[in-house]
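Here are a few friendly notes to read alongside the model. Please keep the structure open while you go through the points.

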Amino acid sequence: MKFKFFDEINSTNTYLRRQLKLEEFEVIVAKRQTDGKGRRDSVWVSNEGAALFSFAVEDNTELEEKITIFTGYVVYEVLKKYIGNQDKLTFKWPNDIYYEDKKICGIVCEKVRKHIIIGIGININNTDFGMFRKKAISLVEITGKIHPVQQIIEEVVSNFENQFHSLNKDWEHILKIINENNYLKGRKIRIKQRNGKFSEKEYRFLRVDRKGKISLISKGDRDELKFASLEFKIV
């Protein structure tokens, strides 16, 4: 594991994406990102005090559909150690960690040639979320304590690396933890349709399945629906 540090960078994922040769577990860390992105190119406010980092792993045929959920599991397990009330920490499919109803971590995974780049942003000591003030929270706000950003980054990458090669063997256990502590559990959602509007029909979350897909069912339906990618809103 090697680290490369930047005071400011457009995006740690972008930096790795532009490298001709990627080295596994070389970790790019930034104090601040000027062009941080979330999933579907959503804005990610990336101010100093957060853990903003990316690294790459070699891809294989079974990895791509599991990697985001596995990364979420690793971050979830690390953050649990720092948060007293662990019941309020949940995984929101497919790529976020929530505390109560606010986002504390976002994950973006990108396929680049023969690698997958994993980008992680964790709100640790930062408290400026701009327009997302009501939707985000940080570790310092939860605990009232300043936390070691670099130590948390190292824990996440180290745990990821240690468990990465046994991912397929441990997948059922990982899914069990993810499903038991899922933000969507017991909630109803509406899904975005092709016309850009959200469905009138409400769906209930069932599980994240073995392929990393979300399983939903609507009242009165016999068959569940499965999605690898989905835009939705919680009712």
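1. Two terms come first. Strands (E, at least two residues) and helices (H or I, at least four residues) are DSSP runs, numbered from the N terminus. Two strands pair if DSSP finds at least two bridges between them.

2. A word on the model itself: it is predicted, with local features needing pLDDT of at least 70 and side-chain atom pairs counting only at pLDDT 80 or more, while totals for chains, interfaces and linings use all residues. Residues are numbered from 1 along each chain as its sequence is written, and side-chain values use heavy atoms, with hydrogens and water left out.

3. Start with β5 (residues 96-99) and β6 (residues 102-112), which run antiparallel and are joined by 4 bridges. Y98 stands opposite K103 in β6. The two strands form a hairpin with 2 residues between them, and E100 in that turn has a positive phi of about 55°.

4. β6 also has β7 (residues 115-122) as an antiparallel partner, through 8 bridges. Here E110 has I117 in β7 as its bridge partner. β6 and β7 again make a hairpin with 2 residues between them; in its turn, R113 has a positive phi of about 50°.

5. Further along, look for an open sheet of 5 strands, ordered β11-β10-β9-β8-β12, with antiparallel pairing. From one strand to the next the twist averages 45° (axes are lines fitted to C-alpha atoms, for helices over the stretch in contact; angles run from 0 to 180 degrees between N-to-C directions).

6. Within this sheet, 5 bridges join β9 (residues 203-208) to β10 (residues 214-218), and the two run antiparallel. The bridge partner of F205 is L216 in β10.

7. Leaving aside neighbours within four places in sequence, Y203 is in contact (heavy atoms within 4.5 Å) with residues including R187, I189, L216 and L225. Y203 and K213 are 10 residues apart in sequence and 15 Å apart in space, C-alpha to C-alpha.

8. Finally, a helix: in α4 (residues 149-164), the buried residues include I152, V156, F160 and F164.

Methods
The expected span of a helix is 1.5 Å times one less than its number of residues. Buried means under 20% relative accessible area, exposed over 50%, partly exposed in between (1.4 Å probe, protein chains only).
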